[in-house]
Amino acid sequence: MSFQTIFEISQSISVQNRRTVGQQVSRSGQVRVAEYLTSVPWSFTVRPHSYLYYPQVRGVIQAIDNKDRQLPETITFASSLLNWFDDYKGGLTSGQAAALTLAAVPAANATTITVGNVAGVSGDVVFAAGDFLQLGIYPYKVTAEVLRGGGSTVSVTLHRPVIGTPSTGTLSAVGSACTFYLLAAQCPTYTLNPMTAGAFVQWDGDFVFIEDITG
């Protein structure tokens with residue numbers, strides 16, 4: 001692991017997943033708002049812990065140097081340290097959530113999808129607002145609570161347009177099983193502060209990661 005380790009030892013993680021919106025104020029004081037259609041890539045600014053013991057983490061540092069700002073890495077929040085970020089909050093069992101499907105191919109740039117193979121009874125919470133699901137390699141957030149109706153499919157609104165043309169079938173992941181395909185937009189250097197038989201690592205800035213959109 002390289003970038004994954006930086007997430008695991010983070011002091012703080014700043015998340016940017018909002019749409020690109022422009023505002024303009026007219027001479028009369030009226031505000032005009034326009035949304036620019038983008039893929040809304042995920043962006044994380046990660047502040048790592050300083051004073052790691054270099055002899056213990058030099059392999060991690062070398063892996064970071066190998067990838068640098070060129071090679072992406074798949075990041076997961078599934079560990080006990082991070083699963084609070086994208087843990088599933090809906091009312092289905094883990095098996096029922098894992099069995100959910102994309103029931104139909106969404107239209108280009110659609111933000112609403114049809115999820116099928118929904119178990120349970122009418123009124124069950126299929127997705128809570130803020131839950132995550134994944135289509136292909138791209139994770140999405142659910143914008144509002146989704147309740148099961150009388151059928152086995154539900155409409156789910158996502159925080160960004162669907163990227164590419166995903167295939168129907170079982171969802172790639174739900175909740176903390178989702179992954180993020182990220183490039184390092186910024187890799188800080190580090191300073192070694194010598195101590196007995198080694199040195200402490202002090203990072204000279206934050207890591208910035210942005211989603212590698214290939215579709």
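Helices (H or I, at least four residues) and strands (E, at least two) are taken here as DSSP runs, numbered from the N terminus. The model is a predicted one, in which local features need pLDDT of at least 70 and side-chain atom pairs count only at pLDDT 80 or more, while totals for chains, interfaces and linings use all residues. Residues are numbered from 1 along each chain as its sequence is written, and side-chain values use heavy atoms, with hydrogens and water left out.

Gln-4 is buried, with a relative accessible area of 4%; the term buried means under 20% relative accessible area, exposed means over 50%, and partly exposed covers what lies in between (1.4 Å probe, protein chains only). Contact is defined as heavy atoms within 4.5 Å. Leaving aside neighbours within four places in sequence, Gln-4 is in contact with Glu-73, Thr-74, Ile-75, Thr-76 and Leu-82.

Glu-73, one of these contacts of Gln-4, also takes part in a salt bridge with Lys-67. A salt bridge is a side-chain nitrogen of Lys or Arg within 4 Å of a carboxyl oxygen of Asp or Glu. In the pair of Glu-73 and Lys-67, the closest N and O atoms are 2.8 Å apart. Glu-73 counts as buried at 8% relative accessibility, whereas Lys-67 is partly exposed, with a relative accessible area of 23%.

Rings of Phe, Tyr and Trp (its six-membered ring) pair if their centres lie within 6.5 Å; planes under 30 degrees apart count as stacked, over 60 as edge-to-face and the rest as tilted. The structure holds 22 such pairs. In one of them, Phe-7 and Phe-209 are tilted, at 5.1 Å centre to centre and 35 degrees between the planes. Because Phe-7 lies in helix α1 (residues 3-8) and Phe-209 in strand β19 (residues 207-211), this pair ties together parts that are 202 residues apart in sequence. Phe-7 and Phe-209 are both buried. An edge-to-face pair is formed by Phe-44 and Phe-85, with 6.1 Å centre to centre and 70 degrees between the planes. This pair also links distant parts of the chain, since Phe-44 belongs to strand β4 (residues 43-48) and Phe-85 to the loop between β6 (73-76) and α3 (94-98), 41 residues apart.

A nonpolar core is a set of buried Ala, Val, Leu, Ile, Met, Phe, Trp, Tyr and Cys residues joined through side-chain atoms within 4.5 Å. The largest such core has 25 residues, of which Phe-7, Phe-44, Phe-77, Phe-180, Trp-203 and Phe-209 touch the most other members. At least two residues of this core come from each of α1, β4, α2 (54-67), β16 (179-186), β18 and β19. The most are given by α2, with four residues. Apart from this core lies another, of 23 residues, among them Val-115, Val-142, Val-146 and Ile-163. Phe-44 is buried, with a relative accessible area of 0%. Its contacts, leaving aside neighbours within four places in sequence, include Phe-7, Phe-77, Phe-180 and Phe-209.

Asp-206 pairs with Arg-47, the closest N and O atoms being 3.0 Å apart. Asp-206 is in the loop between β18 (198-203) and β19, and Arg-47 is in strand β4, 159 residues apart. Asp-206 is buried, with a relative accessible area of 19%, while Arg-47 counts as partly exposed at 43%. A further salt bridge joins the side chains of Lys-89 and Asp-87 (3.9 Å, N to O). Here Lys-89 is exposed, with a relative accessible area of 56%, and Asp-87 is partly exposed at 33%. The count of salt bridges comes to four.

Two open sheets complete the account. Two strands pair if DSSP finds at least two bridges between them. Four strands form an antiparallel sheet in the order β13-β8-β7-β14. Its edges are β13 (154-157) and β14 (169-170), each with a single partner strand, so one side of each is left without a neighbour in the sheet. Strand β7 (residues 101-102) pairs with β14 over two bridges in the antiparallel sense, and Thr-101 stands opposite Thr-170 in β14. Three strands form the other sheet, in the order β11-β10-β15, also with antiparallel pairing. Four bridges join strand β10 (residues 132-135) to β11, where Leu-135 stands opposite Tyr-138.
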